Amino acid sequence: MTGYSRAHTHMPDTLSSLRVEHLAVSFGRQEVLHDISLGPLPAGTTTALLGPNGSGKSTLLRALAGLLPARGAIWLGEHGLDRMASRERARFCAYLPQTLPPTVAMEVLEAVMVARQAGGARVDTATALAESLALLDRLGIGELALRQMNALSGGQRQLVGLAQALVRRPQVLLLDEPLSALDLHHQVAVMDFVQGETRRRGLVTVIVLHDLNVALQHADHAVVLCEGRLLGEGPSLAIVTPDMLRKAYDVRARIEQCSRGRPCVIVDGIV
Ligand SMILES: Nc1ncnc2c1ncn2[C@@H]1O[C@H](COP(=O)(O)OP(=O)(O)OP(=O)(O)O)[C@@H](O)[C@H]1O
Ligand SMILES: [Mg+2]
């Protein structure tokens, strides 16, 4: 189940796809990711990273972001990401962790501006201010701009974290369960926004998700991990199948079409 068709042929050739070759990660003597080869994930596409708890999704995302020592190779077009110094790599990749770190007393707007100017990005304060405000507005949280970071709700904090990742204008956007604290409205808004930005700017976006219906409706591609190994990758509809759901999650499930013809996962029980 490998190989992708180029979903967005209008993308200029200068935009790069992401490839992973024989990636492995160990903690001490314990290898938790085994020989993962993925892609190419083309620029402009959103990939859902799926799999049960403990299957290695966060570990893979952190390895892609360069936050963990890993064996193997990671290519963004011709750039060997795994060979870059962390500062250079951070210019290419933005990462939103599953658990957001504690924050200091700082206004939301300031925190997003700091993210915009991180890693030596050459941007003046007026531009950083305008871009940060515009992004907060587009994420529907403009009214939080002058609030203190350490006085936000969990979902608000997650939306600001997403703004901090997006404002850096990465080529690779790595989001670990970005919807976990969000209400229904914000889940849809964030997925629409991320998929739209990914297409518009030609990003390679990888999002860890547990909601398979979100994956089916908002991700072009899916990658499934199970026990640290790759179980499948390809177009979401070809990957999210009753057989895969049984193998990965030990559930009995169907993929049915809703009255509007959209695919939808229905779980009948556990195996
Ligand atoms: N720092 C660490 N030291 C040792 N083992 C770790 C460490 N981090 C993760 N692991 C182990 O690696 C495996 C994969 O963990 P990972 O966090 O990548 O899973 P996940 O797929 O993101 O799960 P979840 O859906 O629960 O977030 C698990 O068995 C976990 O216990
Ligand atoms: Mg995780």
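In the ligand site, a side-chain N or O atom of His-210 lies 3.2 Å from an oxygen atom of ligand 1, a polar contact (a pair of N or O atoms within 3.5 Å; within protein, one must be able to donate a hydrogen and the other to accept it, and residues adjacent in sequence count only if both atoms are side-chain atoms). The model is a predicted one, in which local features need pLDDT of at least 70 and side-chain atom pairs count only at pLDDT 80 or more, while totals for chains, interfaces and linings use all residues. Residues are numbered from 1 along each chain as its sequence is written, chains are lettered from A and ligands numbered from 1 in the order in which they are written, and side-chain values use heavy atoms, with hydrogens and water left out.

Two further side chains approach the ligand through N or O atoms: that of Ser-58 comes to 2.9 Å from an oxygen atom of ligand 1, and that of Gln-98 to 3.0 Å from an oxygen atom of ligand 1. In total, 13 residues surround the ligand (each with a heavy atom within 4 Å of it). The closest are Gly-54, Gly-56, Lys-57, Ser-58 and Thr-59.

We turn next to the domains. The protein chain is assigned domain 1 (18-101 + 165-239) and domain 2 (241-271), with bounds taken from an automatic or database domain assignment. Their centres, taken over C-alpha atoms, are 23 Å apart. Contact (heavy atoms within 4.5 Å) joins 13 residues of domain 1 to eleven residues of domain 2. About 1,000 Å² is buried between domain 1 and domain 2, with 68% given by carbon and sulfur atoms; buried area is the accessible area (1.4 Å probe) that two parts lose on being put together, summed over both. Four residue pairs are in polar contact across this interface, both residues being at pLDDT 80 or more. On the side of domain 1 that touches domain 2, the elements giving two or more residues are α7 (212-218), β9 (221-226) and α8 (236-239); helices (H or I, at least four residues) and strands (E, at least two) are DSSP runs, numbered from the N terminus. Helix α7 gives the largest share, four residues.

One salt bridge pairs Glu-197 with Arg-138 at 3.3 Å, N to O. Glu-197 in helix α6 (residues 184-201) and Arg-138 in helix α4 (residues 125-138) are 59 residues apart, so this pair links distant parts of the chain.

Two backbone details complete the picture. Most residues other than glycine have a negative phi, and most peptide bonds are trans. The peptide bond from Gly-39 to Pro-40 is cis, with omega near 5°, and Pro-40 sits in strand β2 (residues 30-41). Glu-177, not a glycine, has a positive phi of about 50°; Glu-177 is found in the loop between β7 (172-176) and α6.

Key
Salt bridge = Lys/Arg side-chain N within 4 Å of Asp/Glu carboxyl O.
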